[in-house]
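The structure comes first, then the description.

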Amino acid sequence: MYIETKGLKKSYGEGGSFVQVLKGVDIGIRAGEMCVIQGTSGSGKSTLLNCLGGLDSIDTGSVTVAGTSVEKLKGEKLADYRRKNLGFIFQFYNLVPNLTVRENIQVCEYLSKSPLDMNELLEVLGMSEHADKFPSQLSGGQQQRCAIARALVKNPKVLLCDEPTGALDSKTSRDILMLLEKINAKYDTTMIIVTHNNSIKNMVDHVIYIKDGEVSKDYYNEVKVPACDLEDL
Amino acid sequence: MYGLMLRRACRDIKKNVGRYLALMVLIGFAVYMVLSMMGSAMSIIDQSADYDVILNVEDGQFTVFVPLNATELDKLISSGVSVEEHFSLDYEVLDGSVIRVFKNREDIDLITLHEGRLAETDNEAVLERRYCEEHGIKIGDTFELGGKSFTVTGIGAAPDYNMPVRNLSDTAVDSVAFGLMFITPSAYDSLLSEGNSMKSEDYVYAYRLNGAMSDDDLKAILEENEFDVADIDDPFFQEYWEEMVGRKDDLLEGIDDLNEGAQELRDGVNDLDSGVDELVDGVGEMQDAMPDLQSGANSLYSGASDLSSGIGSYTSGVSAATAGANELNDGIGQLSSGCSDLAAGSDQYMAGLCELNDTAYALSLSEDPFTAQIAGSFYQATSGLVAGYSGIDQGIDSVAQGTAAASSGASELAGGLNTLDSNSAALNSGASSLQNGIGEMRTGINELSDGVDELVDGVDELDSGVDELVDGMNEYADGVDEFTSEANDLIDEVFDIDTSNLVVYLPVADNARIDAAPDDVKNNLYSAMFVGVVALILFAYVISVFVVHSVDQESSVIGALYSLGVRRSALAFGYIVVPAIAAFIAGVIGTLVAVYASFGIPSNMQESFDYYSMPDMGPQVQPFLLIYGLVLPAVITILVNVLVIRGRLTRTPLSLLKNEQKAVKARDIKLGKMKFIPLFRIRQLLREMRTGFTVIFGMFLALLIVMLALNTFIYCYRVKELNVANTHYEYMYTYKYPEKEVPEGGYEAVFEETTKEFEGYNFDVALVGLTRNNPFFDMSALGDKDSEVILSASFAYKYHLSVGDEFTLTSKDGDKLYAFKVAGINDYQASMMVFMDIDACRDLFGESNDYFNAVFSDHPLEIESGRLNSTTTKKDIESASGVFVDSMKSLITTLIIAGAVIFVVVMYLMVKMMLDRAAFNISLVKVFGFKNGEVKKMYLDGNMIMIVAGALVCIPLCKAILNYVYPNFLVANVNTGLSQAFPLYIYGGVFAAILFLYFLISQVLFISIKRTTPALVLKNRE
């Protein structure tokens, strides 16, 4: 498996406020596949994503990404891990407000020794004409495209998407999902999409359900529905 | 609602306790510093004013040539003016310092005692407190002076020597070198009678007008007083006076001579007029004679031609005669030779005849009668023959003699003709020359004729000119008459001034010694008030940055509360109450420390006590001080914060709910293609413009304080260094009664005291006439014009004068203005002097060609002390120059520390603020894989640009401000001017210090960056 967790446990707080968020999660994701982690609010799906991204430490168990034991990394090595392997897409885009689209993408371009061609990427994402605009001058969909471009420019092996369509309307959500689909096909990027949207699971290879901190379902779609055909987004 | 907001504010304090503590320390520190200075200044000003009343401080003082007589004193006293003698004697004591001795004061400028009591017996004395402090003198000590011993019974101060300088023109107080002593009148008289003082007694009177008249009135009365020369015993004065009277007589005689000369000149010009008239006539006649002269010259030339021709013929004849004479001479020579031979042959023939005759006679006597007969006949024949031939022979001899004479005559003839021949050639040549000469003469006569014509014209003009000259001369003679009359009056007037008894009239306002301390601290008071307000505004603005950050962060909450009906004032209260409380508490703490701590107001007052000679004073806390310390910090904080956040709180609830950011064009500028890190840094700076501005503002204020300290240091350091380094003489003597001859080894000078106003202060400026060869002052730039002067560097800097500028000096009595043009500036720094050519100076002040009243030398000169007004040595200058540095050390250190603290705290708080505001983004880029070092480059190191740019702007800006403010306000009352320029290394040092402090701060803040984790992004998302 390209991405693998074993016996992953994570808790927060102490005493009365102690919460066991992940209770021994075992998952495996292959390289190049699109995977959706789905679950209700508070199920632990985002915590799982954070543990995969090295954004949060784990209590016990192991997390392996591209052969790297993430739980053993600290400080600069953890930063190196994220720099070399991961791209992040957030629900609320998290663009740097006082940087233009091009400059926001440059933030991650700077991190890669062999970044993708930015102009090509902007073209692919349909953002060429907005390259010199600031985030406040863009719509939500355009901002998310910018965030995707920023995540992709360093050509990551894994793209972690945390509710990428959570703040978007249905049409824009479809556009973004089509884009992710296109990127997966074009760059063979492994994608993990955390979402509570029930339709998205139909367009991906692999679906993992988390419930109360445990994997309740883990399966592969035999037939994928193209993003353009998804309903109820 | 207000209670809720207050509760929320209290939680805000708890949350940001470090930040508020830092700001409170800063505000408290500023209030402490400012109040210490203000409190000290106000205490000194107020108590000095009280002491002025208690001690009956003079309204002014005047110095006279000889003490006022009883009539003069009565006149003043009866008019209501109080007058008291403040006569003094100067003595050099064992350690080389100078003590000025006065009698005890009874009415004006009373002595305040710090310890002990006044002198009551003739061997007791009160010494001035600063002198005692510097020399470790205590009550009961014995003090030797003027060959007498005094027991110190009191240590105190006199208000007329609040700034205890020896001369009014002295730059700084030097209590190591100069002090005061007060003794009983009889002890004073005893000292006076001993005659051991360094110079003659100074006759100074202090006066109080008591509202009876004005200063001008009193001065006018005093100017009317004249002294009787006969009353003055001083032998040096008598010598001086005789010299002055002699000079007056010389002047009067000179003017009489001038008048007589003018009359003679008028007579001479009239004679000239007559002569010119005759000349006109003569030249006219000459012009009339010129045609005859030309005609005669022509005839003469013709005659000369004929003469030359005749002499040519004559010369030829003489040559031919000479040749004939030579031949004649030769022929007569031969004839003479033949005659000689003929005479010789004739003699022989005669001899033969005689023998024949003798023979015939002998035969006639023969016994043969035939023979005898024949022989007798023969004898008779021969005898006749002999007798006949004897006549021939005589004839031949005569011919021979004649031919010899002819030969001699022919020879002389030939010789004479030869001579004539050779002379005739010269005669011929002479005739030719004569002819040529006459030709030239003829030409010359023609030219002469032309010249005579011109001469006639010229003489005509001369005639009219001389006529005008005559008229002018008559006017001149009349003018000289008038001048004589005026000059006599003027001389009388001038010499009358010298008989006026008033030497110096010095109202209290012009006396730098009196109330110097309150005058000095006034500058501190106003500076502190101003700097305090600026600092408080800065700190309030720093606080406002935090408040704005909170408002921005809580925008949606504010919007929600507005939507729910909460009033804007309640919200504003919630954001401002904490800063206001913090500022108030800090103000209270700062005020308490300033008022009650020994290092507050008392410490600041002590700095004045350490320099000025002041009576005992304690800290006083005026209501204004309390308002400033307790109220102003909170008020300024509230005002600034209200102004800053008003715009944000007046947004609509919806705008706040959506957290819409106001578009700021400057932040959204397009930067084009740049490398990522520089680009990001610029974006970050643009985003944090307000914070950056605050940092720059803080840096500006901090630099202003630090540069003030450095300016003070450089000022004091230069006083110390340049005064000594650029004083090239060792001794400067000024005379009260000048000598006739310059002491050997000395360089004479003429000193005239003048004044010049600067920012309300009247400073003494010495106008010094120097000889061009004076080795102690560079006079090379001085030209020939009398109005040109060289300035001492201190004067030029004080009055901002450069080469080519024109300026005026005012005479000491204020009646005259002297205008000068700056020809050069030399390096002399020790006092304010204007140098000019000594002769020009003598002329300016109507002094004689050999007058001088000062001497410079590189070794001590033998001059009687009774003649001297003062003696200044390089050692004195060196000693006095060090005072500034010593007295300012603590102020300089305090200011530098204060500046550094403000810079560090403001910089830390603001940059920390920037990092806090950027925390989410820092977290985000860390999610992307940025390392701490890279984040530091992006968010922290970019500030370096701002700091460097800010420093590059603020350092010269602060310096420029100080260059104006410092000399014109802060040291306007100091009697010297100095270059304000910093050496480059100081600028470099300040710049390096800024970078170093920033480096330290950035290292501390780097910890904050390290502590920011990617989890922040997740918190935001959740």
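## Domains 4 and 5 of chain B

In this predicted model, the centres of domain 4 of chain B and domain 5 of chain B, taken over C-alpha atoms, are 45 Å apart. The domain bounds come from an automatic or database domain assignment. For chain B that assignment lists domain 1 (1-55 + 515-662), domain 2 (60-234), domain 3 (263-481), domain 4 (664-726 + 873-1022) and domain 5 (740-862).

Contact, meaning heavy atoms within 4.5 Å, involves 15 residues of domain 4 of chain B and 15 residues of domain 5 of chain B. Between them the two domains bury about 1300 Å², with 52% of it on carbon and sulfur atoms. Buried area here is the accessible area (1.4 Å probe) that two parts lose on being put together, summed over both. Across this interface the rule finds 0 salt bridges, a salt bridge being a side-chain nitrogen of Lys or Arg within 4 Å of a carboxyl oxygen of Asp or Glu. There are 7 residue pairs in polar contact across the interface of domain 4 of chain B and domain 5 of chain B (both at pLDDT 80 or more). A polar contact is a pair of N or O atoms within 3.5 Å; within protein, one must be able to donate a hydrogen and the other to accept it, and residues adjacent in sequence count only if both atoms are side-chain atoms.

On the side of domain 4 of chain B that touches domain 5 of chain B, helix H16 (689-725) and helix H22 (942-970) of chain B each supply at least two residues. Helices (H or I, at least four residues) and strands (E, at least two) are DSSP runs, numbered from the N terminus. The residues of that side of domain 4 of chain B divide into 7 nonpolar, 8 polar and no charged. In this scheme Ala, Val, Leu, Ile, Met, Phe, Trp, Tyr, Cys and Pro count as nonpolar, Asp, Glu, Lys and Arg as charged, and the others, Gly among them, as polar.

## Interface of chain B and chain A

Contacts between the chains link 30 residues of chain B with 27 residues of chain A. The area buried between chain B and chain A is about 2800 Å², and carbon and sulfur atoms give 60% of it.

The rule finds 3 salt bridges across the interface of chain B and chain A. B:Arg683 forms a salt bridge with A:Glu103, with the closest N and O atoms 2.6 Å apart. Residue pairs in polar contact between chain B and chain A number 7 (both at pLDDT 80 or more). Helix H15 (676-687), helix H20 (919-928), helix H21 (932-939) and helix H24 (1015-1021) of chain B each supply at least two residues of the side that touches chain A. That side of chain B divides into 16 nonpolar, 4 polar and 10 charged residues.

## Salt bridges over all chains

Over all chains the count comes to 31 salt bridges. B:Glu224 forms a salt bridge with B:Lys75, the closest N and O atoms being 3.7 Å apart. B:Glu224 lies in helix H6 (residues 215-224) of chain B and B:Lys75 in helix H3 (residues 70-78) of chain B, so the pair ties together parts 149 residues apart in sequence.

## Dimensions of the chains

Chain B has 24 helices and 20 strands. Its C-alpha trace spans about 220 × 95 × 70 Å along the principal axes. The radius of gyration of chain B is 58 Å, whereas a compact globule of 1022 residues would have a value near 31 Å. This radius is taken over C-alpha atoms, and the globule rule is 2.2 Å times the number of residues to the power 0.38.

Chain A has 6 helices and 10 strands. The C-alpha atoms of chain A fill a box of roughly 50 × 40 × 35 Å along the principal axes. Chain A has a radius of gyration of 17 Å, which agrees with the value near 17 Å for a compact globule of 233 residues.

## Conventions

Residues are numbered from 1 along each chain as its sequence is written, and chains are lettered from A and ligands numbered from 1 in the order in which they are written. Local features need pLDDT of at least 70, side-chain atom pairs count only at pLDDT 80 or more, and totals for chains, interfaces and linings use all residues, while side-chain values use heavy atoms, with hydrogens and water left out.
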